[in-house]
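Colleague: I would like to learn how to read a few features of a model. Could you take me through them one by one?

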Amino acid sequence: MRIGIIGSMQFTDKMVEVRDKLLELGHDAFITDLHKAMIGKNSEEIEEIKLYQKYNRDAIREFWRAMQGADAVLVLNFDKNGIRNYIGGNTLMEIGFAHVLNQKIFMWNPIPEMQYCKSEIEAVNPVIINGDVSLIK
């Protein structure tokens, strides 16, 4: 299965780890190529790089192009900024892209209790895997 890994770029190192695990399991997993500049960086550095890429490298369209032909996305929604299972605006858009492209949507953790996105995420019927990548089928 071809799977795009999405989530806050603050979790870049974890994205790489999960991608590699999915590759070991025989999936064709990918992350945006823009992740490479963020590996091993601290949160402040990642935020600067992310903003630069968003405004100067058209990061949103870059991942849209990468999503074409994928079968699914895996949302890595970890705790961030005091919010359990955080999903930011960009990730919410990518979930919407996946839905429109008829891709399966897997989530690492349950849907967050976030006022402005919970019902939208529920509406796309994600499969919650609770960190168990063997459930991705």
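This is a predicted model: local features need pLDDT of at least 70, side-chain atom pairs count only at pLDDT 80 or more; totals for chains, interfaces and linings use all residues.

Colleague: Which residues lie nearest the centre of the largest pocket?

Modeller: Rolling a probe the size of a water molecule over the atoms shows where empty space is left. A pocket is an open set of points on a 1 Å grid over the protein atoms alone where a 1.4 Å probe fits, with protein on both sides within 12 Å along at least five of seven lines; lining residues have an atom within 4 Å of a point. Here the largest pocket holds about 330 Å³, the space filled by probe spheres set on the points, which are joined across faces, edges and corners. Of its 24 lining residues, G7, M9, K50, N90 and E94 lie nearest the centre. At least two lining residues come from each of β1 (2–7), α2 (43–56), α3 (59–67) and α4 (89–100); helices (H or I, at least four residues) and strands (E, at least two) are DSSP runs, numbered from the N terminus.

Colleague: Which residues have the most contacts inside the largest nonpolar core?

Modeller: Such a core is a set of buried Ala, Val, Leu, Ile, Met, Phe, Trp, Tyr and Cys residues joined through side-chain atoms within 4.5 Å. Buried means under 20% relative accessible area, exposed over 50%, and partly exposed in between (1.4 Å probe, protein chains only). The largest core has 22 residues, and I5, L22, L74, L76, W108 and I136 have the most contacts inside it. Two or more of its residues come from each of β1, α1 (12–24), α2 and β3 (72–76), and α1 gives the most, with four. Apart from this core lies another, of 18 residues, including F63 and Y86.

Colleague: How many aromatic pairs are there?

Modeller: A pair of aromatic rings is described by the distance of the centres and the angle of the planes. Rings of Phe, Tyr and Trp (its six-membered ring) pair if their centres lie within 6.5 Å; planes under 30 degrees apart count as stacked, over 60 as edge-to-face and the rest as tilted. By this rule there are four pairs. F30 and F63 have ring centres 5.9 Å apart and planes at 35°, so the pair is tilted. It joins strand β2 (residues 28–30) to helix α3, with F30 and F63 33 residues apart, and both are buried. For F78 and W108, the centres are 6.0 Å apart and the planes at 65°, so this pair is edge-to-face. F78 and W108 are both buried, and together with F11 they form one aromatic cluster.

Colleague: Where does N81 lie, and is N81 buried or exposed?

Modeller: Most residues other than glycine have a negative phi. N81 has a positive phi, near 55°, lies in the loop between β3 and α4, and is exposed at a relative accessible area of 62%. N102 also has a positive phi, about 60°; N102 is found in the loop between α4 and β4 and counts as exposed at 71% relative accessibility.

Terms used:
Residues are numbered from 1 along each chain as its sequence is written. Side-chain values use heavy atoms; hydrogens and water are left out.
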